Amino acid sequence: MSMINYASREINCKIVYYGPGLCGKTTNLEYIYEKVAPNTRGKLISLATETERTLFFDFLPVDLGSIRGFKTRFHLYTVPGQVYYNASRKLILKGVDGVVFVADSQVERLDANVESMHNLYENLAEYGLDLREIPFVIQYNKRDLPNISSIQELETQLNPDRVEYHEAVGTRGIGVFDTLKAVSKLVIKSLS
Amino acid sequence: MAGGAASWSFEERDFHRIERLLQSFLYESSARCALLVDRAGQLVATVGEQPEFDSVAFASLAAADFSANDQLASMIGETEFSSLFHQGERESMYLADVARRVILVVLFDNRTTLGMVRVKVKAVVRELSEIFREMFERHAASQSRLHLETAFVDEAEDEIDRLFGDL
(Lines give C-alpha, C1' and ligand atoms only; values in the text may rest on other atoms or scores of the structure.)
Protein backbone atom coordinates (compact mmCIF):
# COMPACT_ATOMS: atom_id res chain seq x y z
CA MET A 1 0.00 0.00 0.00
CA SER A 2 1.01 3.59 -0.35
CA MET A 3 3.72 5.10 1.75
CA ILE A 4 3.77 8.71 2.85
CA ASN A 5 7.37 9.83 3.00
CA TYR A 6 7.44 12.87 5.28
CA ALA A 7 11.22 13.11 4.97
CA SER A 8 11.25 13.61 1.21
CA ARG A 9 7.64 14.89 1.23
CA GLU A 10 6.46 12.35 -1.32
CA ILE A 11 3.40 10.17 -1.76
CA ASN A 12 3.67 7.27 -4.19
CA CYS A 13 0.71 5.14 -5.23
CA LYS A 14 0.94 1.87 -7.15
CA ILE A 15 -1.62 1.13 -9.87
CA VAL A 16 -1.52 -2.25 -11.65
CA TYR A 17 -3.01 -2.96 -15.09
CA TYR A 18 -4.15 -6.59 -15.12
CA GLY A 19 -5.80 -8.77 -17.76
CA PRO A 20 -5.29 -11.68 -20.17
CA GLY A 21 -2.47 -11.87 -22.71
CA LEU A 22 -2.69 -9.40 -25.62
CA CYS A 23 -5.61 -7.46 -24.11
CA GLY A 24 -3.76 -4.13 -24.42
CA LYS A 25 -2.21 -3.41 -21.01
CA THR A 26 1.16 -2.34 -22.43
CA THR A 27 -0.63 -0.35 -25.14
CA ASN A 28 -2.38 1.65 -22.41
CA LEU A 29 0.95 2.56 -20.81
CA GLU A 30 2.58 3.35 -24.14
CA TYR A 31 -0.24 5.73 -25.01
CA ILE A 32 -0.02 7.43 -21.62
CA TYR A 33 3.75 7.75 -22.03
CA GLU A 34 3.31 9.29 -25.45
CA LYS A 35 0.66 11.80 -24.46
CA VAL A 36 1.53 13.18 -21.02
CA ALA A 37 3.97 16.07 -20.88
CA PRO A 38 7.57 14.76 -20.69
CA ASN A 39 8.22 16.67 -17.46
CA THR A 40 5.39 14.82 -15.72
CA ARG A 41 6.50 11.30 -16.47
CA GLY A 42 9.60 9.17 -16.03
CA LYS A 43 11.05 6.54 -18.29
CA LEU A 44 8.84 3.70 -19.55
CA ILE A 45 10.57 0.52 -18.47
CA SER A 46 9.52 -2.66 -20.29
CA LEU A 47 10.81 -6.07 -19.35
CA ALA A 48 9.65 -7.87 -22.46
CA THR A 49 10.60 -10.84 -24.62
CA GLU A 50 12.17 -10.41 -28.06
CA THR A 51 8.69 -10.59 -29.54
CA GLU A 52 7.58 -7.69 -27.33
CA ARG A 53 5.40 -9.79 -25.04
CA THR A 54 5.63 -8.60 -21.44
CA LEU A 55 7.91 -10.96 -19.56
CA PHE A 56 7.86 -9.42 -16.11
CA PHE A 57 6.27 -5.96 -16.15
CA ASP A 58 6.12 -2.49 -17.70
CA PHE A 59 6.60 0.45 -15.39
CA LEU A 60 5.76 4.12 -15.88
CA PRO A 61 5.87 6.77 -13.13
CA VAL A 62 3.53 9.74 -13.65
CA ASP A 63 3.93 12.85 -11.51
CA LEU A 64 0.90 14.74 -10.35
CA GLY A 65 3.13 17.57 -9.15
CA SER A 66 3.19 19.03 -5.68
CA ILE A 67 -0.11 18.75 -3.82
CA ARG A 68 -0.13 20.66 -0.54
CA GLY A 69 3.62 20.31 -0.28
CA PHE A 70 3.74 16.62 -1.18
CA LYS A 71 5.17 15.45 -4.47
CA THR A 72 2.49 13.00 -5.56
CA ARG A 73 3.28 10.26 -8.03
CA PHE A 74 1.46 7.30 -9.57
CA HIS A 75 3.51 4.23 -10.36
CA LEU A 76 1.79 2.44 -13.23
CA TYR A 77 2.62 -1.22 -13.72
CA THR A 78 1.40 -3.90 -16.12
CA VAL A 79 1.63 -7.63 -15.48
CA PRO A 80 2.45 -10.33 -18.04
CA GLY A 81 -0.91 -11.66 -19.22
CA GLN A 82 0.03 -15.13 -20.39
CA VAL A 83 -1.26 -17.83 -18.05
CA TYR A 84 2.13 -19.39 -17.27
CA TYR A 85 3.61 -16.16 -15.91
CA ASN A 86 1.55 -16.27 -12.74
CA ALA A 87 4.51 -16.15 -10.35
CA SER A 88 5.59 -12.83 -11.88
CA ARG A 89 2.04 -11.47 -11.86
CA LYS A 90 1.71 -12.14 -8.17
CA LEU A 91 4.94 -10.28 -7.39
CA ILE A 92 3.80 -7.15 -9.19
CA LEU A 93 0.63 -7.00 -7.09
CA LYS A 94 2.69 -6.57 -3.93
CA GLY A 95 1.76 -3.27 -2.29
CA VAL A 96 -0.88 -2.40 -4.90
CA ASP A 97 -3.14 0.63 -4.28
CA GLY A 98 -5.45 0.35 -7.27
CA VAL A 99 -6.21 -2.09 -10.10
CA VAL A 100 -7.34 -1.65 -13.70
CA PHE A 101 -8.63 -4.82 -15.33
CA VAL A 102 -8.20 -4.55 -19.09
CA ALA A 103 -10.63 -6.93 -20.78
CA ASP A 104 -10.32 -7.98 -24.41
CA SER A 105 -13.81 -7.44 -25.87
CA GLN A 106 -13.45 -10.05 -28.62
CA VAL A 107 -15.94 -12.91 -28.29
CA GLU A 108 -13.24 -15.58 -28.46
CA ARG A 109 -11.37 -13.98 -25.54
CA LEU A 110 -14.29 -14.05 -23.13
CA ASP A 111 -13.08 -17.20 -21.36
CA ALA A 112 -9.55 -15.80 -21.11
CA ASN A 113 -10.97 -12.64 -19.48
CA VAL A 114 -12.95 -14.67 -16.95
CA GLU A 115 -9.94 -16.83 -16.14
CA SER A 116 -7.71 -13.78 -15.70
CA MET A 117 -10.28 -12.12 -13.41
CA HIS A 118 -10.41 -15.24 -11.20
CA ASN A 119 -6.64 -15.27 -11.16
CA LEU A 120 -6.62 -11.62 -10.04
CA TYR A 121 -8.96 -12.43 -7.11
CA GLU A 122 -6.78 -15.39 -6.11
CA ASN A 123 -3.50 -13.53 -6.29
CA LEU A 124 -4.85 -10.58 -4.30
CA ALA A 125 -6.22 -12.97 -1.69
CA GLU A 126 -2.68 -14.23 -1.12
CA TYR A 127 -1.78 -10.70 0.02
CA GLY A 128 -4.90 -10.55 2.18
CA LEU A 129 -6.59 -8.15 -0.24
CA ASP A 130 -10.13 -8.25 -1.58
CA LEU A 131 -10.85 -6.62 -4.93
CA ARG A 132 -14.16 -5.36 -3.55
CA GLU A 133 -12.30 -3.28 -0.99
CA ILE A 134 -9.61 -1.64 -3.08
CA PRO A 135 -9.87 0.95 -5.88
CA PHE A 136 -10.82 -1.02 -8.98
CA VAL A 137 -11.86 -0.05 -12.51
CA ILE A 138 -12.56 -2.19 -15.59
CA GLN A 139 -11.66 -1.21 -19.14
CA TYR A 140 -13.41 -2.98 -22.02
CA ASN A 141 -10.78 -2.66 -24.71
CA LYS A 142 -10.78 -3.24 -28.49
CA ARG A 143 -14.30 -1.87 -28.94
CA ASP A 144 -13.48 -1.07 -32.59
CA LEU A 145 -13.18 -4.72 -33.61
CA PRO A 146 -16.08 -6.45 -35.41
CA ASN A 147 -16.39 -9.66 -33.36
CA ILE A 148 -16.94 -8.25 -29.88
CA SER A 149 -19.19 -9.22 -26.98
CA SER A 150 -21.84 -6.73 -25.95
CA ILE A 151 -21.13 -4.58 -22.90
CA GLN A 152 -24.07 -6.28 -21.20
CA GLU A 153 -22.49 -9.70 -21.72
CA LEU A 154 -19.09 -8.50 -20.47
CA GLU A 155 -20.68 -6.85 -17.46
CA THR A 156 -22.52 -10.06 -16.57
CA GLN A 157 -19.39 -12.17 -16.85
CA LEU A 158 -16.79 -9.84 -15.39
CA ASN A 159 -18.39 -7.16 -13.27
CA PRO A 160 -20.88 -8.58 -10.77
CA ASP A 161 -20.12 -5.77 -8.29
CA ARG A 162 -20.77 -3.14 -10.95
CA VAL A 163 -17.57 -1.16 -10.51
CA GLU A 164 -16.91 1.73 -12.85
CA TYR A 165 -16.02 0.67 -16.39
CA HIS A 166 -14.80 2.41 -19.52
CA GLU A 167 -14.97 1.35 -23.14
CA ALA A 168 -11.68 1.77 -24.97
CA VAL A 169 -9.73 1.44 -28.16
CA GLY A 170 -6.24 1.42 -26.71
CA THR A 171 -4.40 1.60 -30.03
CA ARG A 172 -6.11 4.94 -30.74
CA GLY A 173 -6.04 6.12 -27.14
CA ILE A 174 -9.82 6.14 -26.82
CA GLY A 175 -10.80 5.59 -23.18
CA VAL A 176 -7.19 5.27 -21.97
CA PHE A 177 -7.16 8.50 -19.97
CA ASP A 178 -10.77 8.07 -18.83
CA THR A 179 -9.66 4.81 -17.24
CA LEU A 180 -6.53 6.30 -15.69
CA LYS A 181 -8.48 9.29 -14.38
CA ALA A 182 -11.08 7.02 -12.80
CA VAL A 183 -8.64 4.72 -11.02
CA SER A 184 -6.30 7.49 -9.87
CA LYS A 185 -9.20 9.43 -8.33
CA LEU A 186 -10.36 6.31 -6.51
CA VAL A 187 -6.83 5.72 -5.20
CA ILE A 188 -6.52 9.30 -3.96
CA LYS A 189 -9.94 9.07 -2.28
CA SER A 190 -8.92 5.85 -0.57
CA LEU A 191 -6.12 7.73 1.16
CA SER A 192 -8.50 10.13 2.90
CA MET B 1 5.46 -12.23 2.58
CA ALA B 2 1.73 -12.29 3.23
CA GLY B 3 0.14 -8.88 3.53
CA GLY B 4 2.79 -7.13 1.44
CA ALA B 5 3.83 -3.70 2.57
CA ALA B 6 0.97 -2.19 4.52
CA SER B 7 0.43 1.57 4.52
CA TRP B 8 3.06 3.27 6.54
CA SER B 9 4.77 6.59 6.90
CA PHE B 10 8.39 7.56 6.94
CA GLU B 11 8.99 10.46 9.30
CA GLU B 12 11.73 13.03 9.18
CA ARG B 13 13.22 11.82 12.47
CA ASP B 14 13.34 8.26 11.07
CA PHE B 15 15.17 9.58 8.07
CA HIS B 16 17.75 11.39 10.20
CA ARG B 17 18.47 8.29 12.28
CA ILE B 18 18.83 6.18 9.15
CA GLU B 19 20.88 8.80 7.38
CA ARG B 20 23.40 8.95 10.24
CA LEU B 21 23.63 5.18 10.32
CA LEU B 22 24.10 4.81 6.58
CA GLN B 23 26.61 7.63 6.38
CA SER B 24 28.83 5.91 8.88
CA PHE B 25 28.29 2.61 7.01
CA LEU B 26 29.40 4.25 3.75
CA TYR B 27 32.43 5.73 5.46
CA GLU B 28 33.47 2.40 6.96
CA SER B 29 32.83 0.31 3.86
CA SER B 30 34.02 2.87 1.28
CA ALA B 31 30.87 2.21 -0.74
CA ARG B 32 29.47 5.08 -2.83
CA CYS B 33 25.81 5.14 -2.19
CA ALA B 34 23.07 3.38 -0.23
CA LEU B 35 19.41 3.32 -1.26
CA LEU B 36 16.47 2.03 0.73
CA VAL B 37 13.63 0.68 -1.38
CA ASP B 38 10.38 -0.74 -0.06
CA ARG B 39 9.19 -4.12 -1.31
CA ALA B 40 6.50 -2.50 -3.43
CA GLY B 41 9.20 -0.71 -5.43
CA GLN B 42 9.16 2.76 -3.91
CA LEU B 43 12.32 4.62 -3.07
CA VAL B 44 12.43 5.42 0.65
CA ALA B 45 15.79 7.15 1.01
CA THR B 46 19.13 7.74 -0.68
CA VAL B 47 22.33 8.42 1.25
CA GLY B 48 25.82 9.15 -0.09
CA GLU B 49 26.68 10.15 -3.65
CA GLN B 50 23.47 11.10 -5.43
CA PRO B 51 23.02 8.63 -8.30
CA GLU B 52 22.92 10.02 -11.83
CA PHE B 53 20.44 7.41 -13.03
CA ASP B 54 16.65 7.49 -12.77
CA SER B 55 16.26 6.40 -9.14
CA VAL B 56 12.48 5.89 -9.39
CA ALA B 57 12.90 3.32 -12.16
CA PHE B 58 15.90 1.87 -10.36
CA ALA B 59 13.83 1.31 -7.20
CA SER B 60 11.05 -0.52 -9.07
CA LEU B 61 13.58 -2.80 -10.78
CA ALA B 62 15.52 -3.48 -7.57
CA ALA B 63 12.32 -4.52 -5.77
CA ALA B 64 11.32 -6.75 -8.68
CA ASP B 65 14.80 -8.28 -8.77
CA PHE B 66 14.66 -9.05 -5.07
CA SER B 67 11.11 -10.44 -5.22
CA ALA B 68 11.93 -12.68 -8.18
CA ASN B 69 14.95 -14.04 -6.33
CA ASP B 70 12.81 -14.65 -3.25
CA GLN B 71 10.59 -16.89 -5.35
CA LEU B 72 13.60 -18.68 -6.81
CA ALA B 73 14.83 -19.27 -3.24
CA SER B 74 11.55 -20.88 -2.22
CA MET B 75 11.64 -23.10 -5.31
CA ILE B 76 14.94 -24.60 -4.22
CA GLY B 77 13.71 -25.02 -0.65
CA GLU B 78 15.16 -21.88 0.93
CA THR B 79 12.95 -19.45 2.81
CA GLU B 80 14.77 -16.50 1.24
CA PHE B 81 17.99 -15.18 -0.23
CA SER B 82 18.66 -12.50 2.34
CA SER B 83 21.22 -10.83 0.08
CA LEU B 84 22.10 -10.58 -3.60
CA PHE B 85 25.23 -9.45 -5.37
CA HIS B 86 25.54 -8.16 -8.93
CA GLN B 87 29.04 -7.65 -10.22
CA GLY B 88 29.92 -5.20 -12.97
CA GLU B 89 33.23 -4.25 -14.52
CA ARG B 90 33.47 -1.00 -12.59
CA GLU B 91 30.29 -0.73 -10.55
CA SER B 92 28.71 -3.45 -8.44
CA MET B 93 25.68 -3.64 -6.24
CA TYR B 94 24.81 -5.56 -3.12
CA LEU B 95 21.20 -5.93 -2.02
CA ALA B 96 20.13 -7.01 1.44
CA ASP B 97 16.78 -7.58 3.10
CA VAL B 98 15.83 -5.35 6.04
CA ALA B 99 13.06 -6.66 8.32
CA ARG B 100 11.27 -8.33 5.36
CA ARG B 101 9.87 -4.94 4.36
CA VAL B 102 12.66 -2.90 2.90
CA ILE B 103 15.69 -3.60 0.70
CA LEU B 104 19.07 -1.97 1.25
CA VAL B 105 20.87 -1.45 -2.05
CA VAL B 106 24.56 -0.58 -1.83
CA LEU B 107 26.47 0.69 -4.88
CA PHE B 108 30.21 0.38 -4.81
CA ASP B 109 33.25 0.41 -7.11
CA ASN B 110 36.82 -0.80 -6.96
CA ARG B 111 37.69 1.48 -4.04
CA THR B 112 36.42 -1.34 -1.84
CA THR B 113 35.83 -5.09 -1.97
CA LEU B 114 32.81 -7.34 -1.85
CA GLY B 115 34.09 -8.88 1.40
CA MET B 116 34.30 -5.51 3.12
CA VAL B 117 30.84 -4.45 1.89
CA ARG B 118 29.34 -7.76 2.96
CA VAL B 119 30.74 -7.55 6.50
CA LYS B 120 29.63 -3.97 6.99
CA VAL B 121 26.19 -4.58 5.45
CA LYS B 122 25.57 -7.37 7.93
CA ALA B 123 26.10 -5.01 10.85
CA VAL B 124 24.11 -2.12 9.43
CA VAL B 125 21.18 -4.37 8.47
CA ARG B 126 20.84 -5.44 12.11
CA GLU B 127 20.54 -1.83 13.22
CA LEU B 128 18.27 -0.84 10.33
CA SER B 129 15.97 -3.77 11.06
CA GLU B 130 15.61 -2.54 14.61
CA ILE B 131 14.69 0.97 13.45
CA PHE B 132 12.19 -0.27 10.86
CA ARG B 133 10.61 -2.69 13.31
CA GLU B 134 10.11 0.21 15.72
CA MET B 135 8.59 2.29 12.92
CA PHE B 136 6.13 -0.42 11.91
CA GLU B 137 5.18 -1.13 15.51
CA ARG B 138 4.59 2.55 16.10
CA HIS B 139 2.35 2.64 13.07
CA ALA B 140 0.50 -0.53 14.06
CA ALA B 141 -0.04 0.90 17.54
CA SER B 142 -1.78 3.94 16.11
CA GLN B 143 -4.26 1.38 14.74
CA SER B 144 -5.26 3.38 11.76
CA ARG B 145 -4.37 3.72 8.15
CA LEU B 146 -2.78 6.92 7.10
CA HIS B 147 -5.27 9.62 6.36
CA LEU B 148 -4.78 12.62 4.18
CA GLU B 149 -6.85 15.73 4.72
CA THR B 150 -9.87 16.33 2.48
CA ALA B 151 -8.23 19.42 0.99
CA PHE B 152 -5.43 17.21 -0.32
CA VAL B 153 -7.93 14.93 -2.05
CA ASP B 154 -9.78 17.87 -3.62
CA GLU B 155 -6.59 19.42 -4.92
CA ALA B 156 -5.28 16.09 -6.20
CA GLU B 157 -8.56 15.45 -8.05
CA ASP B 158 -8.36 18.87 -9.71
CA GLU B 159 -4.80 18.15 -10.72
CA ILE B 160 -5.81 14.76 -12.18
CA ASP B 161 -8.50 16.50 -14.26
CA ARG B 162 -6.04 19.16 -15.38
CA LEU B 163 -3.30 16.70 -16.26
CA PHE B 164 -5.32 13.95 -17.91
CA GLY B 165 -8.41 15.91 -18.88
CA ASP B 166 -7.87 16.75 -22.54
CA LEU B 167 -5.66 13.85 -23.54
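Visitor: Which residue in S6(B) stands opposite B:Leu36?

Guide: This is a predicted model. Strands of a sheet pair through backbone hydrogen bonds, either parallel or antiparallel. Here B:Leu36 stands opposite B:Leu104. The strands concerned, S2 (residues 33-38) and S6 (residues 102-108) of chain B, pair in the antiparallel sense over 6 bridges.

Visitor: What is the order of the strands in the open sheet of chain B?

Guide: The order is S3-S2-S6-S5-S4, 5 strands with antiparallel pairing. Strands S3 (43-48) and S4 (83-86) of chain B are the edges, each pairing on one side only. On average, neighbouring strands of this sheet are turned by 15° against each other, direction ignored. Helix H3 (residues 114-141) of chain B packs on the sheet and touches S4, S5 (92-98) and S6 of chain B. The direction of H3 makes about 30° with that of S5(B).

Visitor: How many residues does each chain bring to the contact between chain A and chain B?

Guide: Chain B brings 44 residues and chain A brings 41. On the chain B side, H4(B) gives the most, with 11 residues. That side divides into 24 nonpolar, 11 polar and 9 charged residues.

Visitor: In which sense do S1 (residues 3-5) of chain A and S1(B) pair, parallel or antiparallel?

Guide: They pair in the parallel sense, over 3 bridges. One bridge joins A:Met3 to B:Trp8.

Visitor: Why is helix H1 of chain A described as largely enclosed?

Guide: Because 8 of the 11 residues of H1 (residues 25-35) of chain A are buried, the rest of the structure largely encloses this helix. Among the buried residues are A:Leu29, A:Tyr31 and A:Ile32. The buried residues of H1(A) pack against elements of chain A including strand S4 (54-67) and helix H5 (176-190).

Technical notes
Residues are numbered from 1 along each chain as its sequence is written. Chains are lettered from A and ligands numbered from 1 in the order in which they are written. This is a predicted model: local features need pLDDT of at least 70, side-chain atom pairs count only at pLDDT 80 or more; totals for chains, interfaces and linings use all residues. A residue is buried if 20 or more other C-beta atoms lie within 10 Å of its own, exposed if 12 or fewer, and partly exposed in between; C-beta atoms are placed from the backbone. Helices (H or I, at least four residues) and strands (E, at least two) are DSSP runs, numbered from the N terminus. Two residues are in contact if their C-beta atoms, placed from the backbone, lie within 7 Å. Two strands pair if DSSP finds at least two bridges between them. Axes are lines fitted to C-alpha atoms, for helices over the stretch in contact, and angles run from 0 to 180 degrees between N-to-C directions. Ala, Val, Leu, Ile, Met, Phe, Trp, Tyr, Cys and Pro count as nonpolar, Asp, Glu, Lys and Arg as charged, and the others, Gly among them, as polar.
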